[in-house]
Amino acid sequence: MMSSVLRGAIRFYQLTLAYFFVGACRYEPSCSAYAAEAVTTHGALRGSWLAAHRLCRCGPWGAGGWDPVPPAAAARRPRQTLSCQPAERS
């Protein structure tokens with residue numbers, strides 16, 4: 001529910017205020033498109049955090065370039081667990 005409200009707010013921004021900031025974003029996809037995809041992929045809380053982190057990087061001091069939304073947790077590689085047991089030698 002909350003993610004659909006956020007996506008609606010992002011879409012409203014894209015249709016109204018984004019017109020005044022055309023070409024201002026250094027990254028591809030644009031910050032609003034990134035935010036919409038992050039909220040869709042990761043949900044309201046994590047997607048909002050990713051979008052806020054991206055907005056902080058998008059400025060004159062940022063490098064710019066291609067910066068896609070990271071994949072969802074289910075699609076990521078599983079983390080290797082560390083063990084206190086010694087490794088077996090072959």
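Let's start with a pair of helices: α1 and α2 (residues 31–42) pack at an angle of about 165°, and their axes lie 9 Å apart. Axes here are lines fitted to C-alpha atoms, for helices over the stretch in contact, and angles run from 0 to 180 degrees between N-to-C directions. That makes α1 and α2 roughly antiparallel to each other (angles over 145 degrees count as roughly antiparallel, under 35 as roughly parallel, 65 to 115 as roughly perpendicular and the rest as oblique).

What you're looking at is a predicted model, where local features need pLDDT of at least 70 and side-chain atom pairs count only at pLDDT 80 or more, while totals for chains, interfaces and linings use all residues. Residues are numbered from 1 along each chain as its sequence is written, and side-chain values use heavy atoms, with hydrogens and water left out.

Next, α2 and α3 are also roughly antiparallel to each other. Here are both pairs:

| Helix pair | Angle | Axis distance |
|---|---|---|
| α1 and α2 | about 165° | 9 Å |
| α2 and α3 | about 155° | 7 Å |

α1 passes α2 in a left-handed crossing, whereas α2 passes α3 in a right-handed one. Left-handed means the near helix is turned anticlockwise from the far one by less than a right angle, and right-handed means clockwise.

Zooming out, the protein has 3 helices and 2 strands, running α-β-α-α-β from the N terminus on. These elements are DSSP runs numbered from the N terminus: helices are H or I with at least four residues, strands are E with at least two. Of the 90 residues in the protein, 24% are buried (under 20% relative accessible area; exposed is over 50%, partly exposed in between, with a 1.4 Å probe and protein chains only).

Now for the loops. Phe 20 sits between α1 (2–15) and β1 (27–28), and Phe 20 is exposed at a relative accessible area of 63%. Together with Leu 17, Tyr 19, Phe 21 and Val 22, Phe 20 makes a nonpolar surface patch of about 650 Å².

Pro 29 lies in the loop between β1 and α2, and the peptide bond from Glu 28 to Pro 29 is cis, with omega near 0°. Most peptide bonds are trans.

Finally, Gly 64 is found in the loop between α3 (44–57) and β2 (65–66). Gly 64 is partly exposed, with a relative accessible area of 24%. Gly 64 and Tyr 27 are 37 residues apart in sequence, yet 4.6 Å apart in space, C-alpha to C-alpha.

How values were computed:
Patches are made of residues with over 30% relative accessible area and no salt bridge: like charges are joined within 9 Å, nonpolar side chains (Val, Leu, Ile, Met, Phe, Trp, Tyr) within 5 Å. Accessible areas come from the Shrake-Rupley method with a 1.4 Å probe; for residues, only the protein chains shown count as cover. A salt bridge is a side-chain nitrogen of Lys or Arg within 4 Å of a carboxyl oxygen of Asp or Glu.
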